[in-house]
Amino acid sequence: ETRAMGHVALYGDPGTRALVDGVSKGNCPLADVPLEPGEHDIRFVFDVTGDTSGTRVNVKANEHVRLRADFTGATPTVRIQR
């Protein structure tokens with residue numbers, strides 16, 4: 001039996017890397033990262049400045065969640081879009 005996965009799409013400025021539960025997934029944009037349903041730690045690293053920003057997101061089976069990191073403002077932000 002195949003478990004239904006959740007999916008996240010990770011976006012950020014050029015030079016932004018994404019880590020999911022501490023594992024590097026590579027450079028943004030990452031259009032489809034399949035994840036087990038449940039809570040995950042999403043962290044973005046902007047290599048240009050060394051800034052990091054992250055959040056926890058609860059992903060349901062068959063759900064697609066978009067996360068966008070923005071390092072251009074005064075403080076790094078991560079927005080979650082469902």
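Start your tour by selecting Arg56 and Glu39: these two form a salt bridge, with their closest N and O atoms 2.9 Å apart. A salt bridge here is a side-chain nitrogen of Lys or Arg within 4 Å of a carboxyl oxygen of Asp or Glu. Because Arg56 sits in strand 6 and Glu39 in strand 5, the pair ties together parts that are 17 residues apart in sequence. Strands are DSSP runs (E, at least two residues), numbered from the N terminus.

Before moving on, a word about what is on your screen. This is a predicted model, in which local features need pLDDT of at least 70 and side-chain atom pairs count only at pLDDT 80 or more, while totals for chains, interfaces and linings use all residues. Residues are numbered from 1 along each chain as its sequence is written, and side-chain values use heavy atoms, with hydrogens and water left out.

How many salt bridges does the structure hold? There are three. For another one, select Arg17 and Asp47, whose side chains meet at 2.9 Å, N to O. Arg17 is in strand 2 and Asp47 in the loop between strand 5 and strand 6, so this pair links distant parts of the chain, 30 residues apart.

Next, pick Arg82 and Glu63, a salt bridge of 2.7 Å, N to O. Arg82 is exposed at 58%, whereas Glu63 counts as buried at 15%.

**The aromatic pair**

Now show Phe46 and Phe71. Their rings form a stacked aromatic pair, 5.2 Å centre to centre with 10° between the planes. Rings of Phe, Tyr and Trp (its six-membered ring) pair if their centres lie within 6.5 Å; planes under 30 degrees apart count as stacked, over 60 as edge-to-face and the rest as tilted. By this rule the count comes to one aromatic pair. Phe46 lies in strand 5 and Phe71 in the loop between strand 7 and strand 8, so the pair ties together parts 25 residues apart in sequence. Both Phe46 and Phe71 are buried.

**The nonpolar core**

Select Val8, Leu10, Ile42, Phe44 and Leu67 together. These have the most contacts inside the largest nonpolar core, which has 17 residues. Such a core is a set of buried Ala, Val, Leu, Ile, Met, Phe, Trp, Tyr and Cys residues joined through side-chain atoms within 4.5 Å. Among the strands that each supply at least two residues of this core are strand 1 (6-11), strand 5 (38-46) and strand 7 (64-70).

Zoom in on Ile42. What does Ile42 touch, not counting residues up to four places away in sequence? Its partners include Leu10, Leu19, Val57 and Leu67, where contact means heavy atoms within 4.5 Å.

Four strands form an open sheet in the order 4-1-7-8, with mixed pairing; two strands pair if DSSP finds at least two bridges between them. Strand 4 and strand 8 (77-81) are the edges, each pairing on one side only. Strand 1 and strand 7 run parallel, joined by five bridges.

Notes: Buried means under 20% relative accessible area, exposed over 50%, partly exposed in between (1.4 Å probe, protein chains only).
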